[in-house]
Amino acid sequence: MHEKSILLSTYENIRDTTSDKVTLLDDYLENVKNGTWQDMVLPIRAIADKKKRNAEKEKLPNVTISGIFKRREDDKMTQHSGFIAIDIDNEPERINELKELLSKDKYVVAAFTSISGRGLCV
């Protein structure tokens, strides 16, 4: 299956349990690439206190890279996407180096700076 047709569940925030569907490339990754969420993310990156930063991150829309879920619960997956997401946390000095390295791996579809600005989403 090509990444353009892979469906994922998306949620309004971390507490939302009902989902809509988006495609991996045409919707989700394209929105990351074109800065759709930039106005929401940049103020969060400016928050020094981790607890406060995490509280704000919980309010943001999110997606389940691993597939489609009836509800946001481990046992409610209805279709696996064939993908997993990896978070690399607390590597602010190495973000660009790691992003460049991982982007060259044939199994990596995308690598981008996390919401906190201190790690990567792969």
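Guide: Start with a sheet: three strands form an open one in the order 6-8-7, with antiparallel pairing. Strands here are DSSP E runs of at least two residues, and helices are H or I runs of at least four, both numbered from the N terminus. Two strands pair if DSSP finds at least two bridges between them. This is a predicted model, where local features need pLDDT of at least 70 and side-chain atom pairs count only at pLDDT 80 or more, while totals for chains, interfaces and linings use all residues. Residues are numbered from 1 along each chain as its sequence is written, and side-chain values use heavy atoms, leaving out hydrogens and water.

Visitor: What holds paired strands together, and which strands stand at the edges of this sheet?

Guide: Strands of a sheet pair through backbone hydrogen bonds, either parallel or antiparallel. Here strand 6 (87-88) and strand 7 are at the edges; each has a single partner strand, so one side of each lacks a neighbour in the sheet. Strand 7 pairs with strand 8 (residues 120-121) in the antiparallel sense over two bridges. Phe112 has Cys121 in strand 8 as its bridge partner.

Visitor: How many aromatic pairs does the structure hold?

Guide: Rings of Phe, Tyr and Trp (its six-membered ring) pair if their centres lie within 6.5 Å; planes under 30 degrees apart are stacked, over 60 edge-to-face, and the rest tilted. The structure holds two such pairs. The ring centres of Tyr28 and Trp37 are 6.0 Å apart and their planes are at 40 degrees, so this pair is tilted. For Tyr28 and Phe112 the centres are 6.5 Å apart and the planes at 65 degrees, so that pair is edge-to-face. The latter links distant parts of the chain: Tyr28 is in helix 1 (residues 24-33) and Phe112 in strand 7 (residues 112-113), 84 residues apart.

Visitor: Is Trp37 buried, exposed or partly exposed?

Guide: Buried means under 20% relative accessible area, exposed over 50%, and partly exposed in between (1.4 Å probe, protein chains only). Trp37 has 25% relative accessibility and therefore counts as partly exposed. Tyr28 is buried at 17%, and Phe112 is buried, also with 17%.

Visitor: Which residues of helix 1 are buried?

Guide: They are Leu24, Tyr28 and Leu29. After helix 1 comes Gly35, with a positive phi near 80 degrees.

Visitor: Which residues does Ile65 touch?

Guide: Contact means heavy atoms within 4.5 Å. Ile65 lies in the loop between strand 3 (62-64) and strand 4 (67-69), and is buried at 16% relative accessible area. Not counting residues up to four places away in sequence, Ile65 touches Leu8, Leu24, Tyr28, Ser81, Phe83, Ile84 and Ala85. Ile65 and Ala85 are 20 residues apart in sequence, yet 6.1 Å apart in space, C-alpha to C-alpha.

Visitor: Where does Asp16 lie?

Guide: Asp16 is in the loop between strand 1 (7-11) and strand 2 (20-23). With 17% relative accessibility, Asp16 counts as buried. Leaving aside neighbours within four places in sequence, Asp16 is in contact with Tyr11 and Arg72.
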